[in-house]
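Subject: Structure handover

Hello,

The structure we discussed is below, with its sequence. My notes on what turned up follow after it.

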Amino acid sequence: MIKRVALIGLGTMGPGIAARLSRGGLDVAAYDVSQAAIDRARSMLEIAGGALDRLGIEAPTGGAGTVSFVASIAEAVEGADLVIENVPENIDIKAETYRAVDALIGPSVIVASDTSGIPITKLQAHISHPERFVGMHWSNPPHIIPMIEVIGGEKTAPETVATIRDLIRSLGLLPVVVKKDVPGFVENRVLYALLREAVDLVERGVIEPEDLDTCVSWGIGYKIAVVGPMALLDMAGLDIYKSVSSFLNADLADRKDISPLVLDRTGDGKLGLKSGEGMFAYTLEQITALQGERARKLVAIRRILENRE
Ligand SMILES: NC(=O)C1=CN([C@@H]2O[C@H](COP(=O)(O)OP(=O)(O)OC[C@H]3O[C@@H](n4cnc5c(N)ncnc54)[C@H](O)[C@@H]3O)[C@@H](O)[C@H]2O)C=CC1
Ligand SMILES: Cc1ncc(C(=O)O)c(C(=O)O)c1O
C-alpha cells in the first residue's frame, strides 16, 4: 500500500501534485534543488488547497496527509513507497536524478516520472529495477485536472502499472492506461497536433493570436470537454469526416522541426507567463488575475461536468 511519497522537483507541477496527494491522505516529502522553488511551493500549496476545497474534494476518513519540505533527496526518499520525479523535461537531468534515487531506495519502491512525453523505456534504462519504473503523467494544473496517464515501458512490470492505476483511482482521480510507450503518450500527441496547426496558422498570417484562441476555446474547446473526439466523430457523422479529411488532411501543418515563431520568441527569452511575455505580454497583476481566473473557471466547469451543479 502506498502511504508515503517522495516528490522530487517543485516547479510548475510539483506543488499542485503535493496538494492533491496530501488531500488524498498521503504523506509527501517534497524536495527541490532551488530554495526559491521551495518557498514558492509553500505558498502554492495554500492556493491549491483552496481550489480543492471549492472542488469539494475532502480528505479520506483517516484524515489528510502531510507535506514536509526536506533538504535532500536522501531525506525525501527515506521510508517512501513511491518516488515521483518532476524535474525539467531533460533526459540528462532526469537520469541524474534517478541515479541519485536509485542508490537510496529498496527494490520494492516504485519510481514514477511525470515526463510530458519522453518514452518510459528510455528513462527506465537509468534505474536498476526498471520493472518498478512507470510513467505517471499529470496535466497542468495538476490539483484540478483529474485525468492522469499511466504508461509502462518495455521493462515495466504489469503490476507496477496496476498499482499506480489503482492508487490514482483510490484518490478519486481518473487513470488512463496508455497501452504503448509512444513519445508524448496520448494527451500530448493530441495537444501537440493541435498546437502545431495553431502556431502554423498564426505564423502564416491566417488569423490573429487572440482570434485563434477565441475560435478554439469557444468552438472546439467548449464542446470537447463534453464530447470527446471519438464521440464527436459520431455526432458529426463519419461521412462528413471522410469528405472533409479527403482534402483537408493533405493541407494540414506537418512540419517536423520547431516553428520559427517559437524559436524567435524563446531565443528572445519570451517564455510566456514565467518571463512576462510569450505569445502575449503580461503585467504581474495580469498574471495573478489570469491564474486565479483559470482556477476559478476550471473548478466551476469541473463541478458541472461531474453533475455537482
Ligand atoms: N508544465 C507543464 O504544463 C507540465 C509539465 N510536465 C512535466 O513535468 C516535469 C516538470 O515540469 P515543470 O514542473 O513544468 O518544470 P519546472 O521547470 O517548472 O520545474 C522543475 C523543478 O525541478 C527542479 N530541479 C531541477 N533539477 C533538480 C534536481 N536534480 N533535484 C530536484 N529538483 C530539481 C527545478 O529547480 C524546478 O523547480 C517535466 O518532465 C515536464 O515535462 C507534465 C505535465 C504538465
Ligand atoms: C504545452 C504543454 N505541454 C505539455 C503539457 C503536459 O501535459 O505535459 C501541457 C499541459 O497542459 O499539461 C502543456 O500545456
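In what follows, two strands count as paired if DSSP finds at least two bridges between them. Please keep in mind that this is a predicted model.

**Strand E6 and its neighbours**

I started with strand E6, which covers residues 133-137. E6 runs parallel to strand E5 (residues 110-113), and 3 bridges join the two. Within that pairing, Ala-112 has Val-134 of E6 as its bridge partner. E6 also pairs with strand E7 (residues 147-152), here in the antiparallel sense and over 4 bridges. In this second pairing, His-137 stands opposite Glu-149 of E7.

How are the side chains of E6 arranged? In a regular strand, side chains alternate between the two faces of the sheet. In E6, Phe-133, Gly-135 and His-137 point one way, while Val-134 and Met-136 point the other way. Residues on both sides are buried. Since 5 of the 5 residues of E6 are buried, the strand is largely enclosed by the rest of the structure.

**Cavity and pocket**

Rolling a probe the size of a water molecule over the atoms shows where empty space is left. The search of the whole structure finds 1 cavity of 30 Å³ or more. The volume of the largest cavity is about 50 Å³. Phe-133 is part of its lining, together with Asp-102, Ile-105, Gly-106, Pro-107, Val-109, Val-111, Ile-127, His-129 and Arg-132. By class, that lining has 6 nonpolar, 2 polar and 2 charged residues.

The second largest pocket holds about 200 Å³ of space. It has 15 lining residues, and those nearest its centre are Met-1, Ile-2, Leu-26, Leu-167 and Ser-170. The lining of this pocket divides into 7 nonpolar, 6 polar and 2 charged residues.

**Annotated positions**

The unreviewed UniProt entry lists twelve names under "binding site": Gly-9, Leu-10, Gly-11, Thr-12, Met-13, Gly-14, Asp-32, Glu-89, Lys-94, Ser-116, Asn-140 and Lys-274.

Lys-94 lies in helix H4 (residues 91-102). Is Lys-94 buried or exposed? Its relative accessible area is 1%, and buried means under 20%, so Lys-94 counts as buried. Leaving out residues up to four places away in sequence, Lys-94 touches Glu-85, Val-87, Pro-88, Glu-89, Ser-113, Thr-115, Ile-118 and Leu-123.

Lys-274 sits in the loop between helix H11 (260-267) and helix H12 (284-305). Its relative accessibility is 70%, and the cut-off for exposed is over 50%, so Lys-274 counts as exposed.

**Glu-58**

One further residue I looked at is Glu-58, in the loop between helix H2 (35-54) and strand E3 (67-69). Glu-58 is exposed, with a relative accessible area of 68%. How far apart are the C-alpha atoms of Glu-58 and Pro-15? They are separated by 18 Å, and the two residues are 43 residues apart along the chain.

Regards

Note on methods:
Residues numbered from 1 in each chain as written. Chains lettered and ligands numbered in written order. Predicted model: local features only at pLDDT ≥ 70, side-chain atom pairs only at ≥ 80, totals over all residues. Heavy atoms only, no water. Buried < 20%, exposed > 50% of the residue type's maximum accessible area, 1.4 Å probe, protein only. 1 Å grid on protein atoms, 1.4 Å probe; cavity = no way out; pocket = protein on both sides within 12 Å on 5 of 7 lines; lining within 4 Å. Points joined across faces, edges and corners; volume = space filled by probe spheres on them. Nonpolar A, V, L, I, M, F, W, Y, C, P; charged D, E, K, R; others polar. UniProt positions renumbered as here; feature names shortened; annotations may be inferred. Contact = heavy atoms within 4.5 Å.
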